[in-house]
Amino acid sequence: MDHKLSTLFLRLAVVFILLGVCLGYWMGMTHNFTLSPVHAHTNLLGWVSMFLYGLFYRAVPGAAAGVLPKAHAALAILGLPIMMIGLTIQLLAVPSLMGLVPPMMIAGPTLVVLGMFVFAVIVFRATGGRQAVAA
Ligand code: HEM
């Protein structure tokens, strides 16, 4: 059975948790909480969501076949870094980069939300009626 998509999500999830906890550790050490929303979203959309995607595709391998799961991966994996970089620039108010904030904060969250909708379709299809794939 091909676990490529599952493996990709599981591995990315642990990369995001490493980034997220290092940022949290730095915030705690310095008492600088400016980037708390970046920490929270990296951990929740990166670590928690991506690990769950990986576990789902591992438990229901049939759900990883076809175009939709590839679209889901592309949307989720592109969207989060764009959103997190945009949010970081916004929170740090980097003057020379502020022009990037509107496009990034539209594109990133839009990709992430679209990815969630695609994932919802994938879960409904994989768990519904005659097409349900046994784990
Ligand atoms: C060693 C691991 C972690 C460290 C050192 C850490 C550290 C921190 C710190 C210092 C804050 C700011 C607290 C404040 O504003 O007073 C924070 C907030 C937060 N953390 Fe973590 N954290 C860790 C892991 C996690 C994980 C695994 C998650 C979620 C899966 C998480 C989710 C959040 C959320 C939702 C907030 C609130 C953000 C906000 O109010 O904007 N953290 N964390």
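**Exercises on a predicted helical model**

His39 lies in helix 2 (residues 36–59), where helices (H or I, at least four residues) are DSSP runs numbered from the N terminus. This is a predicted model, in which local features need pLDDT of at least 70, side-chain atom pairs count only at pLDDT 80 or more, and totals for chains, interfaces and linings use all residues. Residues are numbered from 1 along each chain as its sequence is written, and side-chain values use heavy atoms, with hydrogens and water left out.

**Exercise 1.** Identify the protein donor to the iron atom of the ligand.

*Solution.* Donors are N, O and S atoms within 2.8 Å of the metal (3.2 Å for Na, K and Ca); water is not among the atoms, so sites may look incomplete. The iron has a single donor from the protein, NE2 of His39, at 1.9 Å.

**Exercise 2.** Characterise the surroundings of Asn43.

*Solution.* Step 1: Asn43 is also placed in helix 2. Step 2: its relative accessible area is 13%, so Asn43 is buried (under 20%; exposed is over 50%, partly exposed in between, with a 1.4 Å probe and protein chains only). Step 3: leaving aside residues up to four places away in sequence, Asn43 touches Phe16, Ile17, Gly20, Val21 and Val48, contact being heavy atoms within 4.5 Å. Step 4: Leu18 is 25 residues from Asn43 in sequence, yet their C-alpha atoms are 8.9 Å apart.

**Exercise 3.** Which residues line the largest cavity?

*Solution.* Step 1: on a 1 Å grid over the protein atoms alone, a cavity is a set of points where a 1.4 Å probe fits but cannot get out, and lining residues have an atom within 4 Å of a point. Step 2: the lining consists of Leu45, Ser49, Met50, Tyr53, Ala76, Leu80, Val112 and Met116. Step 3: helix 2, helix 3 and helix 4 each give two or more residues to this lining, and helix 2 gives the most, with four.

Conventions
On a 1 Å grid over the protein atoms alone, a cavity is a set of points where a 1.4 Å probe fits but cannot get out, and a pocket is an open set with protein on both sides within 12 Å along at least five of seven lines; lining residues have an atom within 4 Å of a point.
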